[in-house]
Amino acid sequence: MNPEPKPIPASAQNSLDFAEPLPQTLEFLEPLESASETPVMESAVAPVMEAIEAADPSVEVTVREATIAAGILLKKLTAINLGDIDDQDLRPARIQVGLAFVGFGALMLIFLLLYLNNQQPDLTAAERIQHHWYEYVWFLGLGVAGLFMLGRESMRSPLSQPHEED
């Protein structure tokens, strides 16, 4: 048994070739086949039809063609490249989710206390907690999770933004 590790050959260290990651996109629209099958009012695609006819007056545009053209345009506008989303873009969403957890946990604790005060006034505070401890734990845990999320966001350094090179 040899306690010393074996050295890695230099040829093995340089052979780490990886493929470039494919750009991931989010698409919010259904496929164009379903868009072309749905009935569309002419007034809804009238601006698209007018724009196509203004570009080339000799072209006669049908409602179906205008619908397909509008679908292609909307699909291009709504495609989001996931590689372009960085950590700073997601910061407001993380803060809002943390605040929602804290607020919902606190609100549900207040509703639980109001319910217990109104519906079971003969129980002492210790008996109420003994009978409804799992609700307390759920709502308190939700609020604490939100506080942890907010604390994590507040401790993040603002220097994590990419630096621009001049």
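User: What makes Gly98 count as buried?

Analyst: Quick caveat before the numbers: this is a predicted model, where local features need pLDDT of at least 70, side-chain atom pairs count only at pLDDT 80 or more, and totals for chains, interfaces and linings use all residues. Residues are numbered from 1 along each chain as its sequence is written, and side-chain values use heavy atoms, with hydrogens and water left out. Now the label: buried means under 20% relative accessible area, exposed over 50%, and partly exposed in between, with a 1.4 Å probe and protein chains only. Gly98 comes in at 0%, so it counts as buried.

User: Where does Gly98 lie, and what does it touch?

Analyst: Gly98 lies in helix 5; helices here are DSSP runs of H or I with at least four residues, strands are E runs of at least two, and both are numbered from the N terminus. Contact means heavy atoms within 4.5 Å. Not counting residues up to four places away in sequence, Gly98 touches Gly146, Met149 and Leu150. The C-alpha atoms of Gly98 and Gly146 are separated by 4.1 Å, though the two are 48 residues apart along the chain.

User: Why are helix 5 and helix 7 called roughly antiparallel?

Analyst: They pack at an angle of about 155°, with axes 8 Å apart. Axes are lines fitted to C-alpha atoms, for helices over the stretch in contact, and angles run from 0 to 180 degrees between N-to-C directions. Under 35 degrees counts as roughly parallel, over 145 as roughly antiparallel, 65 to 115 as roughly perpendicular, and the rest as oblique. The pair is therefore roughly antiparallel. By class, their contact has 19 nonpolar, five polar and five charged residues. For those classes, Ala, Val, Leu, Ile, Met, Phe, Trp, Tyr, Cys and Pro are nonpolar, Asp, Glu, Lys and Arg are charged, and the others, Gly among them, are polar.

User: How do the spans of helix 5 and helix 7 compare with what's expected?

Analyst: The expected span is 1.5 Å times one less than the number of residues. Helix 5 has 33 residues and reaches 47 Å from first C-alpha to last, close to the expected 48 Å. Helix 7 (residues 133-155) has 23 residues and reaches 32 Å, close to the expected 33 Å.

User: Which residues of helix 5 are buried, and what covers them?

Analyst: Arg94, Gly98, Gly105, Leu112 and Leu116. Their cover includes helix 6 and helix 7.

User: How much of the chain is buried?

Analyst: Buried residues make up 13% of the 166 residues. As for elements, the chain has seven helices and two strands, in the pattern α-β-α-α-α-β-α-α-α along the sequence.
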